Amino acid sequence: MTAPESTDLDDLLRELRRRDVRLTVRGGQLDYDAPADALDADLLATMRRLKPALLGRLGRADGPPVPPTGPGTTAASVHAGPATEADPGDDGDDWRVLATAPASFGQTRQFHITREMAFPQVLTVAFRLTLHGPLDRSALRRALTELTVRQAALRTRLAARDDGVWQQVLAPRPVPLPVRTVPLDDLDRVVEEWASIPFALEREPAFRAALFQTDGPTGPDDRRHELALAIHHGFVDGWSAQPLLDDLAAFYRAAVTGRPADLPPLPAEFVDYARWEVGYLARPETHRMLREWVDDLPAGTVPMRLPTDRPRVPLTTDPGGALHHTFPADLVAAVSAYAVSRNATPYAVFMAAYTWLLHGLSGSPTVNLATSVANRTDPRFDRVVGVLAQAALLIVPVAGVASFAELVERATRVTWQALARQSVPSSVQIAALGEAFVDFPCRVYFDLLDMADPVLRLTGLEPALARDVVLAGARGDLTWQLRPLPTGEMALLIEYAANLFDADTVAGWLDRYQRLLSRLLAAPDAPLPRAGDAGAT
């Protein structure tokens, strides 16, 4: 026979579910997140009366807001909190594994780096979107859950086994969307702190969302919310952002209108790419392409070494530093015009000048960089969320180059070679270069992200531009990331290893680079400045 209190509790849970009230247990206290007008005085009184029973039913562990469960279930079966007992390699925890597949090369590398890093958040891809208008929170929650149903990478975890790292695709379950009200002046700090929380890659999917509401003099602003999304880089790349937001918008529209989402089925999932990658790397054509690339390099090619302000320490301990800059529109226009005249790309021109700067700093006859390439040549993966992008190696011979025009030609040739290798993981490229590069992998990155900034278009709200949340940590010695602006200017984000370089050193290199670029564009056929004078006026 069912006890009266148990019956009351089950009735309460059903009613809370019907009203889309989300419960959170924190430190023995019961918090809730509910749509406007969902909780009346009678329901609140019932919740207070049955609070001990609610804590007993839902309170296995603190966690994010969860929908109340029905009879015979526990909160752990419906929220995305961490597993507590099972080994990540088996199915004994409260997640149900639907499929397994080998991790991609990129995932495997990022998995091991994350386990070793003192600042693992550097591998978190986080962005925020300001939502203006009447937001339907319940519809957004449903849309987030449907998003993970469609994009399996967002409900996948990693498992370390004797035979390598494996992906485990998990059964869908509701995605928590905690809501926090914070003062506007604290919003940036709170979002950054939230995004910096490390992911437990072996225990749960590395995807989470949160909603922040700003608190002003007259109270919370119901027409302005900040949606923050965080995903580990082992499951997403920059080219995944717009497909992800498009899918989220489609599911939100379906939730608020009651109509099915107008989305065609995906022809493949990310696990399909990981399986394809194994076959691609085994092809004789792939091995031949790598051999030809290495054989074409000057004999004795070794990695360059930049001068540092302090002795080198392990990358995994570096807190990182950042510097922001904007190149003026007239300089960007001059780069583009010269690129057209040389049948090159603006990236090749920017990179050629950067190469000469690094040659002057290092004295190396070859300059080695890495750059991000999309690796989405197969249309099956166009709309798939996952980490398909690779860090392609650029090794530019600079010894004997007579002019900037010749250097741009070399940079263009090296860039096209890198694009031909864009499906080859950086770890495989490094291994092909030989022992010197394996012991000292390439740690200087130079990217130009010419894709449009991702935009989220939710029904009834203003379009929301996705803005990166820059987190502490450095993924390499030096990373330059260029991004075109609508004004014709070029934004530059420099991320550097703070344990190696002082901020003034990096700022000085940037100043030398801009003056060098202007000088080279003014006289592209003149002899290049001596290596030690690169960047001097």
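1. L13 has a relative accessibility of 1% and therefore counts as buried (buried means under 20% relative accessible area, exposed over 50%, partly exposed in between, with a 1.4 Å probe and protein chains only). L13 lies in helix 1, residues 4-18 (helices are DSSP runs of H or I with at least four residues, numbered from the N terminus). Between the C-alpha atoms of L13 and M47 there are 9.6 Å, and the two residues are 34 residues apart along the chain.

2. A word on the basis of these values. This is a predicted model, in which local features need pLDDT of at least 70 and side-chain atom pairs count only at pLDDT 80 or more, while totals for chains, interfaces and linings use all residues. Residues are numbered from 1 along each chain as its sequence is written, and side-chain values use heavy atoms, with hydrogens and water left out.

3. Two packed helices are described by the angle between their axes and the distance between the axes. For helix 11 (residues 346-362) and helix 12 (residues 404-420), the axes come within 8 Å and cross at roughly 115° (axes are lines fitted to C-alpha atoms, for helices over the stretch in contact, and angles run from 0 to 180 degrees between N-to-C directions). Helix 11 and helix 12 are therefore roughly perpendicular (65 to 115 degrees; under 35 is roughly parallel, over 145 roughly antiparallel and the rest oblique).

4. Which residues of helix 11 meet helix 12? They are Y347, A348, V349, M351, A352, A353 and W356, and their partners in helix 12 are F404, L407, V408, A411, T412 and T415 (contact means heavy atoms within 4.5 Å).

5. Y338 lies in helix 10 (residues 329-341) and F404 in helix 12, so the pair ties together parts 66 residues apart in sequence. Both Y338 and F404 are buried.

6. The ring centres of Y354 and Y513 are 6.1 Å apart and the planes stand at 75°, so this pair is edge-to-face. Y354 is in helix 11 and Y513 in helix 15 (residues 503-522), 159 residues apart.

Key. Helices (H or I, at least four residues) and strands (E, at least two) are DSSP runs, numbered from the N terminus. Rings of Phe, Tyr and Trp (its six-membered ring) pair if their centres lie within 6.5 Å; planes under 30 degrees apart count as stacked, over 60 as edge-to-face and the rest as tilted.
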